[in-house]
Every structure is written in structure tokens, then in C-alpha cells.
Amino acid sequence: MNSRGSDGEVLAPAQEPEPELVRPAPATTAVVRGVVPMAGLRDFFDASFRELARVMAAQGIAPTGPAFGLYHGAPGETLDLEVGFVTDRAVRPETGVVAGSLPGGRVARLTHHGSFDRLGSSWDRLGSWMRARGLPAGEDRWETYVTEPSPDMDPRDLRTELNWPVAD
């Protein structure tokens, strides 16, 4: 997508970042898990983040990074997912909020720039990059929401980190 400079000049499309291999350490998380129809995804995220904030505050648990969504298996008409935060310690289970974890080890990572409705093409790009390098994709994958969305922001300013573990 082309953008315009301050003088109205058409600028070239932004260079898309290249995928990379990283080795994150396993991380303790506080999550809400559910099997959700695609149409109910936004409501599930909103309700989950409200409950996570309440439970974590009540237990004095601090997030140590941005929110994430961990997807189990391939997406279809429904998604099996966990929504949550990496935390400084395990949460005690309460009203749907439970302790979880993000895996460590080799992970293919790509930072998606832009709105959530274009995440599918970035996931496809990351999968193609992995296949081209002979890296077998794991069953699960997660998105880290680097930029917290707000109703009045420009969706082009969103940054979402896509993480796909390599099956060893």
C-alpha cells in the first residue's frame, strides 16, 4: 500500500520485515481458554482481558509483557485458543482464568504491520518462509499484540508479532 508524504508525494510501500528464527525461553502465563467461533473472536478477547485484569490485580500478579493469543491447531470455523499475558508468577485458577505457558525453543517470528484483518496473509507468508527452509511447523502458534489497539488509532500503526514454533 502506498502512502503520501507531508507534501502529498506518493511514497513507495513500506518494506515488509523479514521472518527470523528466535529462541525464546518458556514463559508462565495467565490465560482464559475457549473454543470460539470466528464471529465471536472480538467478544471473547474483550471479555477475557477484562477478567484477566480483575483476577491478576486481585492476586497481585503483574504482566511482564503485552497480551497474546495462543492458537491450538489449525483455524477452521472455530478457534481453540488461550488469551492472556506472560506473568511474573503463576495465577491461582479463578473464574475461568488459569495458569498456562508459552513454549521455548526454536520459533519462526514475523512482525505484522497493520490491521488485524490482514493477519492471515502474514501467517501465510511466515508458513511459506518456514517451508522454503525445511522448518516443520508446530501445531500451536501465537500472536503477541505489541501495540495495544484503541478505537481512535490508525490500524496501520498496529504491530503484531507472529510466533510459530518449529517442530523438532
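Predicted model: local features only at pLDDT ≥ 70, side-chain atom pairs only at ≥ 80, totals over all residues.

Modeller: Helices, of at least four residues, and strands, of at least two, are DSSP runs numbered from the N terminus. In those terms, threonine 144 belongs to strand E9.

The side chain of threonine 144 forms a polar contact of 3.5 Å with the side chain of tryptophan 142. Beyond four places in sequence, threonine 144 is in contact with Pro66, Ala67 and Phe68, and also with Arg159, Thr160, Glu161 and Asn163.

Strands of a sheet are held in pairs by backbone hydrogen bonds, in a parallel or an antiparallel sense. Here eight strands form an open sheet with antiparallel pairing, in the order E3-E8-E10-E9-E5-E6-E4-E7. Strands E3 (20-22) and E7 (97-102) have a single partner strand each, so they stand at the edges, and one side of each lacks a neighbour in the sheet. On average, and with direction ignored, neighbouring strands of the sheet are turned by 35° against each other.

Several of these pairings can be followed residue by residue. Strand E9, residues 140-145, runs antiparallel to strand E10, residues 159-165, and four bridges join the two. Within this pair, glutamate 143 faces leucine 162 of E10. Strand E6 takes part in two further pairings: seven bridges connect it with E5 in the antiparallel sense, and nine bridges connect it with E4, again antiparallel. Opposite glycine 84 of E6 stands phenylalanine 68, while phenylalanine 85 of E6 has alanine 30 opposite. E6 is mostly covered, with eight of its ten residues buried.

Histidine 72 is part of strand E5, which spans residues 63-72. Its relative accessibility is 16%, so histidine 72 counts as buried. The side chains of histidine 72 and glutamate 82 are joined by a polar contact of 2.9 Å. With residues up to four places away in sequence set aside, histidine 72 touches Arg33, Asp80, Leu81, Glu82, Glu139 and Asp140.

At the other end of the description of E6, aspartate 88 lies in the loop between E6 and E7. Its relative accessibility of 44% is the reason why aspartate 88 counts as partly exposed. Apart from neighbours within four places in sequence, aspartate 88 has contacts with Ile61, Ala62 and Thr64. Between aspartate 88 and glycine 120 there are 32 residues of separation in sequence and 31 Å in space, C-alpha to C-alpha.

Two helices lie across the strands. Helix H1, residues 41-59, lies across E4 (27-37), E5, E6 (78-87), E7 and E9, and runs at about 30° to E6. Helix H2, residues 119-132, lies across E3, E8 (107-113), E9 and E10, and its angle to E10 is about 35°.

Over the whole structure, a search finds five aromatic pairs. In one of them, the ring centres of phenylalanine 49 and phenylalanine 85 are 5.6 Å apart and the ring planes stand at 55°, so the pair is tilted. This pair links distant parts of the chain, 36 residues apart, since phenylalanine 49 is in helix H1 and phenylalanine 85 in strand E6. With a relative accessibility of 23%, phenylalanine 49 counts as partly exposed; phenylalanine 85, with a relative accessible area of 17%, is buried. Both residues belong to one aromatic cluster, formed by Phe45, Phe49, Phe85, Phe116 and Tyr145.

Arginine 141 also meets aromatic rings. Its charged end sits over the ring of tryptophan 123, 4.8 Å from the ring centre, and over the ring of tryptophan 164, 4.2 Å from the centre of that ring.

Conventions: Residues numbered from 1 in each chain as written. Heavy atoms only, no water. Buried < 20%, exposed > 50% of the residue type's maximum accessible area, 1.4 Å probe, protein only. Polar contact = N/O pair within 3.5 Å; in protein donor to acceptor, adjacent residues only side chain to side chain. Contact = heavy atoms within 4.5 Å. Pairing = 2+ DSSP bridges. Axes fitted to C-alpha atoms, helices over the stretch in contact; angles between N-to-C directions. Phe/Tyr/Trp six-rings, centres within 6.5 Å; stacked < 30°, edge-to-face > 60°. Lys NZ or Arg CZ within 6 Å of the ring centre and 35° of its normal.
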